[in-house]
Amino acid sequence: ADGDVIDISLNVVQVRNWDKTVTSIPTHKFLENSFKNWRGMHEAGGRRIKRAVYIDTNSIRFLTPEEIRRFRNFRLLREYIDAKTAEIEAYNKQYCPDGDCVANARRMTNVGTFRAYVAEYLKHHPLIHQGMTQLVRQLQPGPTGLPIELYCYVKDTRWAVYENAQSDIFDHVFSIAGEFGLSVFQQPSGTDLAMLAAAARGPADPADRPPTA
């Protein structure tokens, strides 16, 4: 059962599911099991987004000076770039004064800058509730890459509005990742395998081509 309670009697609770079917639940089941009540979400005025985009770890790297200058032209990143540059310069001046000790130096990464961009994007999105928790965080990396999770709340709890807002946000996140030199991970498809097989075969021998009229 997943829907609205429409009737409560001594022995049965009836729930109208989102697909308009009706489920009848014996009242004693509510004492034996746990159930989720969506009323708190409506009263709080925020519906949670908790979804990750998976980054191919092979595409994670340090930023070049040219990329840092380019990202500073992004309105959402200007403050971050200035603050991070000053922080890194102060650190490197203390721990890497010669400038050639790579192991001790700090540098900006494309994935860290991407996280900062997405966080600012959520702060300026008109449908994201600014009074509730917002996180853009790394999760445990695994066989599917590095998960970057977006955790925030849409301030309109209506299902259609919520789904459209969530889709628009991830449309943008998937599209902008390439600007940071990042690749979104996905399992190889049949097309990928066919391209690999064609590349392994090399260019076709003209002698193997069928004759043309």
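The buried residues of H6 pack against S4, S6 and helix H5 (110-123). Buried means under 20% relative accessible area, exposed over 50%, with a 1.4 Å probe and protein chains only. This is a predicted model: local features need pLDDT of at least 70, side-chain atom pairs count only at pLDDT 80 or more, and totals for chains, interfaces and linings use all residues. Residues are numbered from 1 along each chain as its sequence is written, and side-chain values use heavy atoms, without hydrogens or water.

**Helix H6**
- H6 has 18 residues and spans 26 Å from first to last C-alpha, close to the 26 Å expected at 1.5 Å a residue (1.5 Å times one less than the number of residues).
- Helices (H or I, at least four residues) and strands (E, at least two) are DSSP runs, numbered from the N terminus.
- Tyr162, Ala165, Gln166, Ile169, Phe170, Val173 and Ile176 are buried in H6.
- Seen down the axis, the buried residues of H6 fall within an arc of 135°, so they line one face (the arc uses directions from the helix axis to the C-beta atoms).
- Ala160, Asn164 and Ser175 are exposed, on the face of H6 turned away from its buried side.

**The sheet**
- Three strands form an open antiparallel sheet, ordered S4-S6-S5; strands pair if DSSP finds at least two bridges between them.
- S4 (47-55) and S5 (135-138) are the edges; each has a single partner strand, so one side of each lacks a neighbour in the sheet.
- Four bridges join S5 to S6 (residues 146-154), and leucine 135 has tyrosine 151 in S6 as its bridge partner.

Methods. Contact = heavy atoms within 4.5 Å.
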